[in-house]
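Welcome, and thanks for taking a look at this one with me. Below are some numbered points to read with the model open beside you.

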Amino acid sequence: MVASAKGSRMGRSRMEVFAEEVSDRVGRDLTDYPDLWEYSTTDLPGFWRAVWDHFGLDAIAESGLRRADPVLADSSMPGAVWFPTVRLNYVDAVLAHADRPGAAIVGLDEDGVRTEITWNDLPRLVGAVARTLSDAGVRQGDVVAAYLPDIPEAVIAFLATASLGAIWSGCGQDYAPEGAAGRLAQLEPKALFTASSYRYNGKDIDKRADSAELARLLDVGTHIVVGDAPDGATVWADATSNGDDLQASVRVPFDHPLWVLFSSGTTGKPKGIVHGHGGVVLEHLKETGLHADLGNDSVFFWQTALSWMMWNFQIAGLLVGARIVCYSGSPLYPDADRLWQIVADEHVTYFGTSPGQLQASRKAGLVPGRDHDLSALTTLGSTGSTLAADLFTWVDDNVRGRAASPGSARPDLPVSSISGGTDIVSAFAGGSVGVPVVAGELSVRHLGVALESWSPQARPLIGEVGEMVITAPMPSMPVAFWNDADGERYRTAYFAHQWDVADAPVVWRHGDWVTLTDRGSLIIHGRSDATLNRNGIRMGSADIYEVVEAVDEIAEAFVLGVDGPDGAYWMPLFVTLVPGAELTDELTARIASDVKTRLSARHVPDEVLAAPGIPHTRTGKKLEVPVTAILAGRSDVNIDPKSVDDYSLVEWFRQQGKAHEW
């Protein structure tokens with residue numbers, strides 16, 4: 001079975017065990033992380049075969065992996081060919097742990113209603129839903145769509161879909177039917193899973209009409225509903241009582257599509273990003289088993305939604321035998337303490353959240369480590385945007401679990417700030433077990449990720465701001481974009497950047513400004529396509545956010561660099577205020593002083609303006625690029641209202657651009 005147990009490691013981390021295995025394999029000491037990383041990016045076939053062997057993947061692969069079988073048959077980017085002789089299925093790696101005792105999946109809603117799905121129940125539930133889909137004509141290569149909250153049923157539906165070799169794609173129910181159809185209709189799904197309702201921010205949200213409308217827009221033949229089902233649809237209870245345990249998953253080629261995730265789609269049709277079974281299994285085992293040190297005594301909770309790749313990543317806890325926690329509800333209802341209560345109640349060992357939730361906790365004056373028993377918590381993860389250094393410090397001071405006995409030292413709580421994305425449904429860099437954490441930094445480049453910071457001349461930089469690039473393929477890079485037969489949209493998205501030299505090699509350009517330190521850690525300064533460029537000096541918005549959002553009165557900041565006529569440049573800072581605060585002259589002056597002191601005079605904005613809110617993508621990213629274009633008066637900016645959390649804010653910013661005098 002896929003190896004997962006921590007008990008056999010005698011207190012050592014899985015990363016330590018893996019490093020010793022690789023050292024023995026290559027005949028040299030790779031137990032220091034920098035040496036192991038260097039090996040992992042210079043001998044890609046050797047490293048990924050070592051990952052395969054460490055996690056025992058021969059047990060789930062048809063015919064296993066023979067010594068002579070190639071690992072990386074073609075290293076081209078795009079177009080890398082991994083494990084061409086392998087046939088496997090993601091679901092088999094999960095069900096390899098089905099003989100374990102206890103809960104595999106815990107579901108919680110906003111009212112605290114709790115459900116459990118045990119490991120022993122998984123084969124039966126997955127098998128029944130797979131039979132329901134198969135009876136409805138779903139076959140290998142067909143698409144199954146979901147319009148669901150973050151509930152255990154969504155995980156079962158995904159596993160059932162994947163077990164057939166069918167392709168999964170999910171969307172959260174916060175989208176209106178038209179917005180969901182803008183994504184899912186591209187895939188022409190054969191079946192749809194929905195829920196009749198969910199609860200959010202203290203309100204019951206009836207989704208029966210929206211679900212029926214989406215089923216109509218998608219023209220699906222099979223509609224399975226969690227909750228009250230309309231005429232012609234299948235009730236979830238019936239779908240889960242259709243047959244016995246899953247007998248066998250459909251073994252598919254390594255790069256056979258597992259799921260389709262979508263880009264934000266703020267300025268165009270959302271792009272369907274396709275990932276393969278094998279690449280996801282390998283990457284997610286590496287991330288959860290090695291970097292996060294999850295195992296069968298772990299409880300993994302990342303507050304997420306089906307529209308965000310972290311939902312897909314959270315399921316990876318099952319690959320290593322961990323229990324995962326699904327939460328359907330607002331992270332801030334009835335107050336900012338809600339998620340900390342879940343962490344305590346469920347004895348969560350790895351808690352994943354966002355800078356926004358941590359900022360809200362700090363602004364609310366919470367001290368979770370004092371008010372809750374967080375003694376089980378071993379790691380706190382954060383992603384979605386850059387985690388400011390002051391929030392590392394806040395976690396260090398306020399979130400560590402209570403000491404086991406009075407007067408004893410507080411246990412360490414590493415903070416893993418992660419950078420990755422929908423593009424690879426994994427992480428490029430972040431924290432890692434056993435590696436020291438420095439506030440404001442991502443501790444390491446992750447194993448197998450040949451990440452560099454490049455100058456415009458395609459020269460690697462250390463200690464200077466540059467473009468983040470990946471110089472070698474990763475198994476979970478997209479197999480393809482949906483409806484992109486010639487691969488042109490895929491190439492354009494990541495590989496078509498024009499460097500200032502003619503002979504630059506082809507690399508993956510991710511679109512972030514980063515500094516790679518001489519210790520191998522990263523500092524992310526913001527999106528390179530939203531660069532602040534004042535008098536020829538490039539600056540990252542994340543640096544300014546870190547300073548401004550540390551001010552007690554500021555809930556969120558939004559800084560933009562707008563090119564105007566005749567070389568004019570406008571750098572406004574928009575802020576939203578905490579309840580009861582007011583943007584006074586004194587507060588404006590304090591913000592400017594803090595920015596000047598902690599950054600430089602050139603980082604000081606031209607003006608500070610109070611905004612009613614900041615527009616984000618549905619996954620929480622600030623709309624810096626399109627709003628900058630709007631403020632510049634460009635008429636060709638077409639933002640899809642369905643892709644933005646509050647589209648009315650876009651119009652407010654449009655009016656600010658019209659009112660600005662150059």
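1. A word on terms before we start: a residue counts as buried under 20% relative accessible area, as exposed over 50%, and as partly exposed in between. Please also keep in mind that this is a predicted model.

2. Let's begin with a pair in helix 20 (residues 648-659), where Arg654 and Glu651 sit three residues apart, so about one helical turn separates them. The two form a salt bridge, with the closest N and O atoms 3.3 Å apart. Glu651 has a relative accessible area of 37%, so this residue is partly exposed. Arg654, at 21%, counts as partly exposed too. Elsewhere, salt bridges with shared partners link Arg25, Asp53 and Arg67 into one network.

3. Arg216 is exposed, at 53% relative accessibility, whereas Glu213 is partly exposed at 25%.

4. The side chains come to 2.7 Å, N to O. Glu346 is buried, with a relative accessible area of 6%, but Arg114 is partly exposed at 37%. For the whole model, the count of salt bridges comes to 30.

5. Strand 5 also leads us to a sheet. Seven strands make up this open sheet, in the order 5-4-17-16-18-19-20, and their pairing is mixed. At the edges are strand 5 (114-118) and strand 20 (415-417), each of which pairs on one side only. On average, neighbouring strands are turned by 20° against each other, direction ignored.

6. Within that sheet, have a look at strand 4 (residues 103-109) and strand 17 (residues 323-328): they run parallel and are joined by five bridges. Val106 is a handy place to look, as this residue stands opposite Val325 in strand 17. Helix 6 (residues 152-163) packs on the sheet and touches strand 4, strand 5 and strand 17. The direction of helix 6 makes about 135° with that of strand 4.

7. Now for helix 2 (residues 33-42). Which of its residues are buried? They are Tyr33, Leu36, Trp37, Tyr39, Ser40 and Thr41. The partners that these buried residues pack against are helix 1 (14-26), helix 3 (44-54), helix 10 (277-291), strand 23 (444-445) and strand 24 (451-454).

8. How do helix 2 and helix 3 pack, in angle and in distance between axes? The angle is about 110° and the axes are 5 Å apart. Since angles of 65 to 115 degrees count as roughly perpendicular, helix 2 and helix 3 are therefore roughly perpendicular to each other. Helix 2 contributes Tyr39, Ser40, Thr41 and Thr42 to the contact, and helix 3 contributes Leu44, Gly46 and Phe47. Sorted by class, this contact has three nonpolar, four polar and no charged residues.

Definitions and conventions
Residues are numbered from 1 along each chain as its sequence is written. This is a predicted model: local features need pLDDT of at least 70, side-chain atom pairs count only at pLDDT 80 or more; totals for chains, interfaces and linings use all residues. Side-chain values use heavy atoms; hydrogens and water are left out. Buried means under 20% relative accessible area, exposed over 50%, partly exposed in between (1.4 Å probe, protein chains only). Helices (H or I, at least four residues) and strands (E, at least two) are DSSP runs, numbered from the N terminus. Contact means heavy atoms within 4.5 Å. Axes are lines fitted to C-alpha atoms, for helices over the stretch in contact, and angles run from 0 to 180 degrees between N-to-C directions. Angles under 35 degrees count as roughly parallel, over 145 as roughly antiparallel, 65 to 115 as roughly perpendicular and the rest as oblique. Ala, Val, Leu, Ile, Met, Phe, Trp, Tyr, Cys and Pro count as nonpolar, Asp, Glu, Lys and Arg as charged, and the others, Gly among them, as polar. Two strands pair if DSSP finds at least two bridges between them. A salt bridge is a side-chain nitrogen of Lys or Arg within 4 Å of a carboxyl oxygen of Asp or Glu.
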